[in-house]
Amino acid sequence: MNKSQDKEIRTRIAPSPTGDLHIGTVRTALFSYLFAKQNDGKFIVRIEDTDKERSKKEFEKDILEGFKWLGLKEDEMYRQSERTDVYKKYIKQLLDSENAYISKEESKANPPAGGAGKEIEVVRLKNPGKKVEFEDMIRGKIEFDTTELGDFVIARSIDDPLYHLAVVVDDHEMSISHIIRGEDHISNTPRQILIQEALGINRPKYAHIPLILAPDRSKMSKRRNATSITEYRQKGYISRALVNYMALLGWNPGTDRELFTLEKLIEEFKLENIQKGGAAFDIEKLNWFNREYIKRMSEDEVFENVKENLPTSIINMSEYSDAILRKIIPIISERMNVFGDIKQMSDDGELDYYFKNPEYNAKDLLWKQDTDLKTSSEHLKKIASLLEGINENDFIQDSVKEVVWGYAEEKGKGSVLWPMRYALSGRDKSPDPFALAEVLGKDETIYRLNNAINKIG
RNA sequence: GGCCCUAUCGUCUAACGGUUAGGACAUCAGCUUCUCAAGCUGGUAAUCCGGGUUCGAUUCCCGGUAGGGUCACCA
């Protein structure tokens, strides 16, 4: 708040705690953060809780935790509800200079707030009714005729400010140099400029970024789309992937590069490269980013995340062990978009067979192009005997493949490999039999092979 | 409806008057160990419409259309 440093770049995100942290808020925060950090400036979080009825502490908590999770660390944090004295001072100034006046009228507020119909006094700005124009850093010159705005209300009373007044006062008091916000605020800008001019304070620079649209290009709605960051967090998205995806939603680096860390984004970010049109949210592309980030994670890190999301039905199995889970990490991590998918995989029965002997019908062991289970049985017997020859410590997919491959090529790959894989997994679809064998180990693999042979009878 | 903003493949976008209109996701096909996944290779796919300006428009101007935003004693 040091006014002498007015050259410093200072941006802010100003969420109101009337709902969970919204995806659009996050992208605005991200752009504000990137712009500030790139210029060695400050990023400020200001909780706009002047609406006492709708503001909730739990939402504030969700918003703050969300920013923290995403790595958007603020340099300063304010709460408008703690600053009523500041606003009061400015409202008084406006009244004293006759740029605003107290108006006696009937309350329009809903019952809980003021009591509709009651006689009350509100503060209105004296609108000079002129044309206001401002330079938007993304869109260029924007012009408005403010006469139609009339003498709008800026405070419910002298110590109960409304949004526009509080925003203008705070942006000034906090020496905000660049206001980066959603384009839904474009039409708020002339009002705020009018207040600034009445107060005789400087105008910050404005950059209105496009909105995030739902996949069908309609408005993102809480009901039809996942708009809350918390939802993505709970689904098991990686925060770095989310940040990366959101940065590229409406912005581009001018190159073909798509994978960016926060640090790299700070380096490359350019306000001028922000798109003007709204961008549709595409979950598929987000998923792709998330998969890329999973690929880049260490196996230990993936293991921790997978185990965290593993249903208790698996963990509580008597056959469960961390050792087996660790072995299947490479197999399952390339089969999921987000860590939350692990639950669906479990529900679909794609996990059980790694831990316990699968249940299936003997006829399923028959490859679709074969006609007689007897040949399948012979193949299985041969495979079992072949595998017996491998040293237990050397029972990895390469060696399993090595001993089985020749036989499979000779007898027909499908005819041999299908029953082998089915015997190990009990499923139509699964990883290949060699990978399965390695996970299961020599004893269990041969046990399951014999099991299948017995099933055929 | 008034006012404001916007308009390139299905989606995110590149091309800042001259390109076979490029990339990524998705999609399709082929290859890779039987199935699945991953991977690799290749393919389909776009300048909203109509007028100008210009030797030449995706690009500049105007109009239309479409989409979005906003019109509170919410933020």
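The model is predicted, so local features need pLDDT of at least 70 and side-chain atom pairs count only at pLDDT 80 or more, while totals for chains, interfaces and linings use all residues. Residues are numbered from 1 along each chain as its sequence is written, and chains are lettered from A and ligands numbered from 1 in the order in which they are written.

**RNA strand B.** Begin by selecting RNA strand B and the 62 residues around it, of which Ser16, Glu48, Tyr163, Gly277 and Asp432 come nearest. A residue is near the strand if its C-beta atom, placed from the backbone, lies within 6 Å of it. Colouring this surface by residue class gives 21 nonpolar, 15 polar and 26 charged residues; Ala, Val, Leu, Ile, Met, Phe, Trp, Tyr, Cys and Pro count as nonpolar, Asp, Glu, Lys and Arg as charged, and the others, Gly among them, as polar. Next select helix 17 (413–425), which gives the most to this surface, with 5 residues. Helices (H or I, at least four residues) and strands (E, at least two) are DSSP runs, numbered from the N terminus. Strand 4 (100–106) and strand 5 (119–125) are among the elements that each supply at least two residues.

**Helix 3.** Select residues 84–96: this helix of 13 residues reaches 18 Å from its first C-alpha to its last, close to the 18 Å expected at 1.5 Å a residue (1.5 Å times one less than the number of residues). Tyr87, Tyr90, Ile91 and Leu94 are buried here (20 or more other C-beta atoms within 10 Å of their own; 12 or fewer is exposed, and in between is partly exposed; C-beta atoms are placed from the backbone). Seen down the axis of helix 3, the buried residues fall within an arc of 100°, so they line one face; the arc is that of the directions from the helix axis to the C-beta atoms. On the other side, Asp85, Lys89 and Asp96 are exposed.

**Lys126.** Finish in the loop between strand 5 and strand 6 (131–136), where Lys126 is placed. Lys126 counts as partly exposed because it has 14 C-beta neighbours inside 10 Å.
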